[in-house]
Amino acid sequence: MITYSTLYVLAGLLFAIFAVLTLRDWTNPKNYTTALFWGLFATSFLAGDLIGDLGNGILVLALALVAGTGGLGMGRPDTTSADDRKAFAITFRHRLMIPALMIPAITLAGTFVLPAIPIGGEPLVAAKQSTLISLAFAAIAAGITAMILFRQNISAPFQEGRRLADTIGWAALLPQMLASLGAVFALAGVGNVVGDIASQVVPHDSLLIAVIVYCVGMALFTMVMGNAFAAFPVLMAGVGIPFLIEDFGGNPAAVAAIGMLAGFCGTLMTPLAANFNIVPAALLELKDRNHVIRAQIPTALIMLALNTALMYALAFN
Amino acid sequence: MWTLLGVGVVIVGFALRVNALLVVITAALVTGLMAGLSAVEVLSAFGKAFNDSRFVSIAWLVLPVIGLLERVGLQEHARSFISRFKAVTTGRLLLLYLAFRQVTAAIGLLSVAGHAQSVKPLIAPMAEAAAEVRNKDISDADREDIRAMSAATDNVGLFFGEDVFLAIGSILLMVGFLAANNIIVAPLELSLWAIPTAIAAFLVHGARLVLLDRNLSGKSAGGRK
């Protein structure tokens, strides 16, 4: 059976290669600390299950300190010039689309096929993990195809991958860090405190204000937690169930579904939803890390108002 | 109340643009200490959560192939391909992508597209090229706006499409949480209630994409005077 553990080994080896290539790259003025950063990340993937909880905590602290003290620099990995790329584009034309389209096609096929293949009475891949595992396979298959089609040597994908990793920098780690912060918030009961505050400000006689507190609260708390999944149980328990459903007789499905979507409006406006908002800004080499958020704020605010209006109009008939 | 101090650290830290990794670990320490845990206990809890969340970072396995395709000219090909279609504007291209992303997400196909595998290598360069066809001297600020809008369109399409699908994580979370509170709803009911918002999101963000075109062409007309 193939599980995430298999992919952790692959990801660990990939980042270990990035670390070694960085160490030998003297064009990067911070090659030692940059290599240390990717090396520690590789260690987490390869040995995370062996070093214990405190060991992992110290590892994360070290990663944050390397990044926080400006330890990450950019190397100049061996890549092609703008003119080379134009020439390649003219030579290879639509063939370039083959590996690019293999990624979604194989991900899609794998998601359905892999869980259906039995290995010793168990599926080859658990359905829950099939999408990410298929994406990883798709990336590897497309990479090998590209190397053959365009006659690239074995070091090319690793040098190019390292180039992108350096571009993204510490933001590559941020989504995983924020997921962990959510776990600590949950442990300390942050949600309960917020739920208590929200239920105290809701008036018992105004449906409109209760709906606004619930929807806007969902968006605001999502912005603080970085994802709507963490906000939903808090606002639902504090406001949704006791006020909107029990007191005002709202339709539970409508209150839940539209409330979650109000939360998603918050996701569009927060740097804590790093994989949606900060990582793409780094990938697209935008000068302002919050540029994607700025582009999303008008849509998010209008959608928040519309979700509030939709719930008020539809959920209480 | 002091439990919320960690939330304050996050807000202030991000507002002051302190390195985000430092902000996060500081917020975790403050929150844990306020909740009565020792520093070692917080660090252990954070370390355990970090180890359990490694799957979040698996998607970086796509970096080598995306970099390799850039190396051999995929972005340049995407640009020259799109500029052959004179009717394709930045806004119309992104509108099409918004529809594609919403519809595929609504049938559960979340990973067929994304920032690393489609926005960076294909959509953003195409959106930029479509603007270049109309205005050769497009400013760097406009280029950045177009790239940011490409990423924003991916997010809007994904967020307001995925909840129409029955078996998505957020639907299962809602069903489970409501069931734990003795409220039984079917996944289908929840996904049906996501449809009005999905339609509204397409209209709202779509209108903004049409306005983006108007904004860009206004600038190029001004440039010719």
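This is a predicted model: local features need pLDDT of at least 70, side-chain atom pairs count only at pLDDT 80 or more; totals for chains, interfaces and linings use all residues.
In chain A, 53% of the 317 residues are buried.

Let me continue with chain A as a whole. Its secondary structure consists of 14 helices and two strands. The C-alpha trace spans about 70 × 50 × 45 Å along its principal axes. If one takes the contacts in chain A between residues at least 6 apart in sequence, 72% of them join residues at least 24 apart.

How much confidence does the predictor place in each chain? For chain A the average pLDDT is 91, and 100% of the residues score at least 70. Within chain A, the lowest confidence falls in helix 9, residues 190-201, with a mean of 83, and the highest in helix 14, residues 291-314, with 97. For chain B the mean pLDDT is 89, with 96% of the residues at 70 or more. Among the elements of chain B, helix 9, residues 169-180, has the lowest mean, 85, while helix 8, residues 140-162, has the highest, 96. The scores for the model are ipTM 0.89 and pTM 0.89.

I turn now to the domains. The assignment for chain A gives domain 1 as residues 1-172 and domain 2 as residues 174-314. The centres of these two domains, taken over C-alpha atoms, are separated by 32 Å. Five residues of domain 1 of chain A are in contact with seven residues of domain 2 of chain A. On the domain 1 side of that contact there are three nonpolar residues, two polar residues and no charged residues. Chain B is likewise divided, into domain 1, residues 2-52, and domain 2, residues 65-224. Between the centres of domain 1 and domain 2 of chain B the separation is 33 Å, again over C-alpha atoms.

Next, the contact between the chains. How many residues does each chain bring to it? Chain B contributes 98 residues and chain A contributes 112 residues. On the side of chain B that touches chain A, helix 3 of chain B, residues 39-52, gives the most, with 11 residues. By class, that side of chain B comprises 65 nonpolar, 22 polar and 11 charged residues.

One residue of chain A shows this contact in detail. L54(A) lies in helix 3 of chain A, residues 52-68. Leaving out residues up to four places away in sequence, L54(A) touches V40(B), L43(B), S44(B) and G47(B). Is L54(A) buried or partly exposed? It counts as partly exposed, because it has 16 C-beta neighbours inside 10 Å. Between L54(A) and M269(A) there are 215 residues in sequence and 33 Å in space, C-alpha to C-alpha.

The nonpolar core comes next. The largest one has 187 residues, and those with the most contacts inside it are A257(A) and L21(B). Apart from its neighbours within four places in sequence, A257(A) is in contact with D163(B), M174(B), L190(B), W193(B) and A194(B).

Finally, which residues other than glycine have a positive phi? R93(A) is one of them, with phi near 45 degrees, and R17(B) is another, with phi near 60 degrees. R93(A) is placed in the loop between helix 4 (82-92) and helix 5 (97-113) of chain A. R17(B) lies in the loop between helix 1 (5-15) and helix 2 (20-34) of chain B. R17(B) is exposed, since it has 11 other C-beta atoms within 10 Å, and a residue counts as exposed at 12 or fewer.

Methods
Residues are numbered from 1 along each chain as its sequence is written. Chains are lettered from A and ligands numbered from 1 in the order in which they are written. Domain bounds come from an automatic or database domain assignment. Two residues are in contact if their C-beta atoms, placed from the backbone, lie within 7 Å. Helices (H or I, at least four residues) and strands (E, at least two) are DSSP runs, numbered from the N terminus. Ala, Val, Leu, Ile, Met, Phe, Trp, Tyr, Cys and Pro count as nonpolar, Asp, Glu, Lys and Arg as charged, and the others, Gly among them, as polar. A nonpolar core is a set of buried Ala, Val, Leu, Ile, Met, Phe, Trp, Tyr and Cys residues joined through C-beta atoms within 7 Å. A residue is buried if 20 or more other C-beta atoms lie within 10 Å of its own, exposed if 12 or fewer, and partly exposed in between; C-beta atoms are placed from the backbone. pLDDT is the predictor's confidence in each residue, from 0 to 100.
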